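Try each task yourself before you read its solution.

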Amino acid sequence: MFTAAIVTGLGLGSMYALLALGFHLTYVVSRTVNFAQGSAMMVGAVLGYTLCITWGLSLWLALPLTLLLSALYGLVIERWLVRPFHSRGSQAWLMATVAGGILVDNLALFTFGKEPRQFESSLVNLKVELFGNGIGALQLLIPLMGAAIALALFLVRRYTRLGKVLEACVQNPKAAMLMGINVNRVVAIAFAVSTVFAAIAGLLIAPLFSVNAEMGMLFGLKAFAVAILGGISSAGGVFGAGLMFGLTEALITLYFGSAFTQIFTFALVILALAIRPNGLFGSQALVKV
Amino acid sequence: MSFRLPTLQRLLSSTAAAFSLTLAMSTGAQAAEPPIKVGLVAALSGQSAKSGEALTRGLTMAIDEVNAHGGVLGRPLELVRRDDESNPSKGMLAARELIQREKVTVLFGGLDTPVSLAIVPLANQLKVPFMGIWAAGTRITENGAADNYVFRVSAVDELVDEALVKYGADQGMKKPGMILINNPWGESNEAGFKRALEKRGLENAGVERIQDSDLDVVPQLTRLKNAGADTLLMVGNVGPSAQVVKSLDRMGWDVPVVSHWGPAGGRFGELAGPSASRVHFIQTYVFTEHNNAKGDALLASLKTAYPQIKTLADVTPAVGIANAYDALHLSALAIEKAGSTDGRAVRDGFYGITDYDGLIKDYKQPFTAQKHDALGPDDYVFTHFVGDQIVPLKP
């Protein structure tokens with residue numbers, strides 16, 4: 001039964017990791033974080049449900065459309081909740097994004113409705129035999145997708161020109177602009193991509209769980225803890241931290257019962273940060289004088 | 001130059017004036033008797049929204065009937081509702097507002113046990129009858145207060161647990177595992193289950209907790225399975241109960257699930273998928289193809305008042321409608337007996353009810369100083385979901 005807990009843990013962990021990668025991306029580009037990330041996950045799930053089930057569009061149309069709309073959501077957040085404050089050196093984007101997330105949650109409550117709904121997916125019922133246990137195909141897909149995205153992020157950042165552009169934007173935005181880099185556009189794209197990650201997470205988890213207007217809140221919170229735990233500036237670190245967090249949750253539940261899960265998990269997070277304040281895989285930001 | 005309206009406009013405006021005067025006079029005459037307000041505090045949003053809606057409908061149908069027969073003490077009844085969002089603090093605020101600002105004579109409600117438990121001390125302190133119509137926590141009515149203002153027309157956890165264990169034992173259960181929601185309702189039932197099992201000399205395979213936010217309860221179920229559970233006793237709202245069913249599917253564990261009425265509170269058939277029908281849960285009332293006369297009459301009125309009700313699946317959960325309907329009629333009788341809207345008098349009025357032929361049963365002396373619960377184990381029925389409809393199980 002260890003296997004079942006591992007699979008659950010990896011799946012959960014990948015959810016947290018996908019959301020946390022969004023935090024990571026906007027942070028490395030602009031040193032800002034989108035606290036409406038949890039809401040972005042909910043938006044992805046709700047849009048997916050509405051397009052696919054309520055309006056009956058084909059999955060091949062609904063999914064790209066959902067991701068597109070989620071990207072737009074990210075652009076809106078960056079333009080109206082982050083840029084006005086960040087460009088003036090103010091930290092008010094922290095509160096603005098929190099408020100934006102709450103606003104969107106309540107909008108969803110009014111439009112999508114007050115009840116949780118079920119997103120049917122044949123992928124859930126497809127079973128795969130693994131070490132003598134039947135596992136839903138979707139549960140295997142989630143960590144695989146998460147790993148693929150984290151790897152892609154890492155490769156882009158390390159080996160491509162785009163990666164260098166991202167670095168330049170955060171190290172010295174003014175110099176970057178002088179070099180012909182449109183910093184504002186790069187930051188906006190980073191936000192759009194981060195909300196797309198959250199939407200993917202929402203779409204993946206919806207068939208396993210349910211779709212409701214409040215699903216993003218707890219996830220967003222835990223994902224932020226994961227991002228800090230992994231060292232927010234390292235994609236691989238964040239992904240690894242997400243998996244570890246998810247596995248810890250599942251294993252603690254398995255061995256001690258669910259009453260202790262939150263207590264132990266967060267106590268471990270505090271302990272880890274006390275030992276390594278920059279996150280498990282992060283590094284001290286170098287300040288050149 | 002003096003201002004004179006053209007002749008046609010003068011005619012029209014004087015007609016309008018006369019018309020509105022007549023209207024004002026007639027409504028003025030009707031409004032001579034101020035309504036008696038009754039309040040509802042329940043979860044009108046979230047996973048139990050359907051249940052809150054059912055309570056509203058039950059109360060509304062009963063109020064319409066009472067008002068059609070001249071109201072209570074010659075005054076019409078009026079319902080004022082507040083959403084507690086399943087949150088005890090919000091429930092308390094809402095209850096306080098309804099009692100002190102709206103001056104309700106009877107407060108109905110409490111969908112969630114934690115919310116009801118929070119409202120109980122307030123009702124007893126402010127001396128306003130609080131009529132529970134859903135939440136089953138034993139300590140809601142059996143709250144130890146010397147001057148108890150809390151009544152209930154609904155299931156009682158202590159008695160439900162006894163009935164669930166009996167049902168399981170009749171099906172051959174020897175070592176059940178408990179999977180309970182992590183809140184006061186779950187705790188209330190844990191105590192009840194343990195007492196019922198002790199009575200029969202049965203041991204349990206463990207107690208696991210589930211949360212509303214749990215994505216996957218495979219770890220908890222795995223622990224129960226490893227401990228040798230042969231039946232699951234489940235207590236939880238729609239969301240977590242659906243997660244249990246989905247997790248059982250993933251595990252491929254074909255264990256019987258005997259549950260409190262949590263699944264009835266929402267779209268269980270949709271959330272839990274095709275295996276939803278494996279959960280056997282308890283109800284106080286079910287609308288079927290063959291109801292008693294009152295049931296058929298109520299069903300017909302519901303369909304008229306709410307045209308979106310087309311099939312029996314749309315009157316789910318029937319429990320909410322039935323409990324609320326009978327509770328309101330009993331409350332109307334209590335107010336009549338009291339002869340006033342004074343809290344203490346109405347409370348004593350409840351004790352004065354000797355006979356009322358209701359929807360769920362024929363009530364004989366439903367309330368006494370020692371017994372504030374109108375329903376007992378004989379009134380429970382076991383059901384399960386078939387698609388979106390709650391259907392009684394063959395005994």
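A nonpolar core is a set of buried Ala, Val, Leu, Ile, Met, Phe, Trp, Tyr and Cys residues joined through C-beta atoms within 7 Å. Keep in mind throughout that this is a predicted model.

**Exercise 1. The nonpolar core**

Task: Find which residues of the largest nonpolar core touch the most other members, and work out which element gives the most to this core.

Solution. 
- Step 1. The largest nonpolar core has 205 residues, and L21(A), V226(A) and L107(B) touch the most other members.
- Step 2. Helix 1 of chain A gives the most to this core, contributing 16 residues.
- Step 3. On the chain B side, domain 1 (36–155 + 290–375) and domain 2 (158–283) each provide at least three residues of the core.
- Step 4. Now zoom in on V226(A). Leaving aside residues up to four places away in sequence, V226(A) touches Y16(A), A17(A), A20(A), V238(A), A241(A), G242(A) and F245(A).
- Step 5. For background, nonpolar side chains tend to be buried together in soluble globular proteins.

**Exercise 2. Where the chains meet**

Task: Describe the contact between chain A and chain B, starting with how many residues each chain puts in.

Solution. 
- Step 1. Chain A puts 23 residues into the contact and chain B puts in 28 residues.
- Step 2. On the side of chain A that touches chain B, helix 1 (2–30), strand 2 (133–136) and helix 11 (235–256) of chain A each supply at least two residues.
- Step 3. Helix 1 of chain A gives the most to that side, with 4 residues.
- Step 4. Sorted by class, the side of chain A that touches chain B holds 12 nonpolar, 8 polar and 3 charged residues.

**Exercise 3. Chain B and its two domains**

Task: Sketch chain B as a whole, then say how domain 1 of chain B and domain 2 of chain B touch.

Solution. 
- Step 1. Count the elements: chain B has 13 helices and 14 strands.
- Step 2. Along the principal axes, the C-alpha atoms of chain B fill a box of roughly 95 × 50 × 40 Å.
- Step 3. Of the 395 residues in chain B, 52% are buried.
- Step 4. Chain B is divided into domain 1 (36–155 + 290–375) and domain 2 (158–283), and the C-alpha centres of these domains lie 28 Å apart.
- Step 5. In the contact between them, 17 residues of domain 1 of chain B meet 17 residues of domain 2 of chain B.
- Step 6. On the domain 1 side, helix 2 (49–68), helix 4 (113–126), helix 5 (138–141) and helix 12 (318–338) of chain B each supply at least two residues. Helix 4 of chain B gives the most, with 3 residues.

**Exercise 4. The parallel sheet**

Task: For the open sheet of 5 strands in chain B, write down the strand order and explain why strand 2 and strand 5 each have one side without a neighbour.

Solution. 
- Step 1. The strand order is 2-1-3-4-5 (chain B), and the pairing is parallel.
- Step 2. Strand 2 (77–83) and strand 5 (150–152) of chain B stand at the edges with a single partner strand each, so one side of each has no neighbour in the sheet.
- Step 3. On average, neighbouring strands of this sheet are turned by 25 degrees against each other, direction ignored.
- Step 4. Follow one pair: strand 1 (residues 36–42) and strand 2 of chain B run parallel and are joined by 7 bridges. V41(B) has R82(B), in strand 2 of chain B, as its bridge partner.
- Step 5. Helix 2 of chain B lies across strand 1, strand 2 and strand 3 (106–109) of chain B, and runs at about 170 degrees to strand 2 of chain B.

**Exercise 5. The mixed sheet**

Task: Do likewise for the open sheet of 7 strands in chain B.

Solution. 
- Step 1. Here the order is 7-6-8-9-10-13-14 (chain B), with mixed pairing.
- Step 2. Strand 7 (207–210) and strand 14 (389–392) of chain B are the edge strands, each pairing on one side only.
- Step 3. Strand 10 (residues 279–283) and strand 13 (residues 381–386) of chain B run antiparallel, joined by 3 bridges. F281(B) stands opposite T383(B) in strand 13 of chain B.

Terms used: Residues numbered from 1 in each chain as written. Chains lettered and ligands numbered in written order. Predicted model: local features only at pLDDT ≥ 70, side-chain atom pairs only at ≥ 80, totals over all residues. Buried ≥ 20, exposed ≤ 12 C-beta atoms within 10 Å, placed from the backbone. Contact = placed C-beta atoms within 7 Å. Nonpolar A, V, L, I, M, F, W, Y, C, P; charged D, E, K, R; others polar. Domains from an automatic or database assignment. Pairing = 2+ DSSP bridges. Axes fitted to C-alpha atoms, helices over the stretch in contact; angles between N-to-C directions.
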